[in-house]
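Biologist: I would like to learn how to read aromatic pairs in a model. Please show me the structure, then take me through some cases.

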Amino acid sequence: MDTNIDFKNIWKQQTSNKPNLEELLGKLKKFKNENLRKIIIMNVLLIVTSIGIAFIWYQFQPQLMTTKAGIILVILAMVIFLLAYNKMFMIFYTIDNTQSNSQYLQSLYSVKNKQKFIQTTMLNIYFIMLFLGICLYMYEYTLQMTSFYALLAYTLMIVWIGFNWFYVRPKTIKKQEAKLNGLINKFEEINNQLQDL
């Protein structure tokens with residue numbers, strides 16, 4: 001019986017789909033950069049929107065307290081959301097090329113936990129405050145309309161928020177989770193392979 005086994009040839013002939021570490025690190029870097037860019041864009045958009053809303057308050061000088069309370073609620077919703085969302089920045093920023101596979105995996109788990117918190121708790125708070133703020137803000141101006149147009153204005157606002165809540169938000173969440181779970185699964189697979197060696 002021949003006991004001279006060529007392990008190198010057997011290893012080369014394997015056809016299993018093992019994740020390429022360099023390719024995976026490239027995907028992680030792309031994921032990190034995309035998310036950092038999203039954080040920056042979100043900051044710019046919400047800050048500019050808040051400044052625009054404050055300018056509307058200053059320019060048009062609303063008379064009723066409900067309008068002022070609505071403006072404050074909308075701006076507060078944006079500020080609270082940004083404070084929570086910006087905590088993701090440090091998580092993404094600390095991911096670099098010097099980490100081990102298990103550290104990459106821990107960073108991705110941190111991202112997943114933080115993302116889950118933002119997608120549930122923070123978005124719920126944001127949408128509730130935004131909805132209430134817009135309703136209060138619109139009250140003063142809908143008093144000057146006929147009942148039909150006032151009802152139409154509130155209906156359109158509710159439809160717009162409902163569309164974002166029931167269609168855009170779940171679709172965005174699924175897309176974010178799919179990307180993140182794909183990376184986590186590949187890093188787990190590499191970690192398992194390294195532990196088996």
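Biologist: How many residues apart are Tyr137 and Tyr141 in helix 5, and what does that separation amount to in helical turns?

Modeller: This is a predicted model. Tyr137 and Tyr141 are four residues apart in helix 5, so about one helical turn separates them.

Biologist: How is a pair of aromatic rings described?

Modeller: By the distance of the centres and the angle of the planes. For Tyr137 and Tyr141, the centres are 5.3 Å apart and the planes make an angle of 50°. That pair is tilted.

Biologist: Is Tyr137 buried, exposed or partly exposed?

Modeller: Tyr137 is partly exposed, at 25% relative accessibility. Tyr141 is also partly exposed, with a relative accessible area of 27%. Buried would mean under 20%.

Biologist: How many aromatic pairs are there?

Modeller: The count is 10 aromatic pairs. One of them joins Phe81 and Tyr126, with 5.2 Å centre to centre and 45° between the planes. This pair is tilted.

Biologist: Which parts does the pair of Phe81 and Tyr126 tie together?

Modeller: Phe81 lies in helix 3 (residues 65-85) and Tyr126 in helix 5 (residues 101-142), so the pair ties together parts 45 residues apart in sequence. Phe81 and Tyr126 are both buried.

Biologist: Which residues do ring pairs link into a cluster?

Modeller: Phe81, Tyr85, Tyr126, Phe127 and Trp165.

Biologist: What sits over the ring of Trp165?

Modeller: The charged end of Arg169 does, 3.7 Å from the ring centre.

Notes. Residues are numbered from 1 along each chain as its sequence is written. This is a predicted model: local features need pLDDT of at least 70, side-chain atom pairs count only at pLDDT 80 or more; totals for chains, interfaces and linings use all residues. Side-chain values use heavy atoms; hydrogens and water are left out. Rings of Phe, Tyr and Trp (its six-membered ring) pair if their centres lie within 6.5 Å; planes under 30 degrees apart count as stacked, over 60 as edge-to-face and the rest as tilted. Helices (H or I, at least four residues) and strands (E, at least two) are DSSP runs, numbered from the N terminus. Buried means under 20% relative accessible area, exposed over 50%, partly exposed in between (1.4 Å probe, protein chains only). A charge sits over a ring if NZ of Lys or CZ of Arg is within 6 Å of the ring centre and within 35 degrees of the ring normal.
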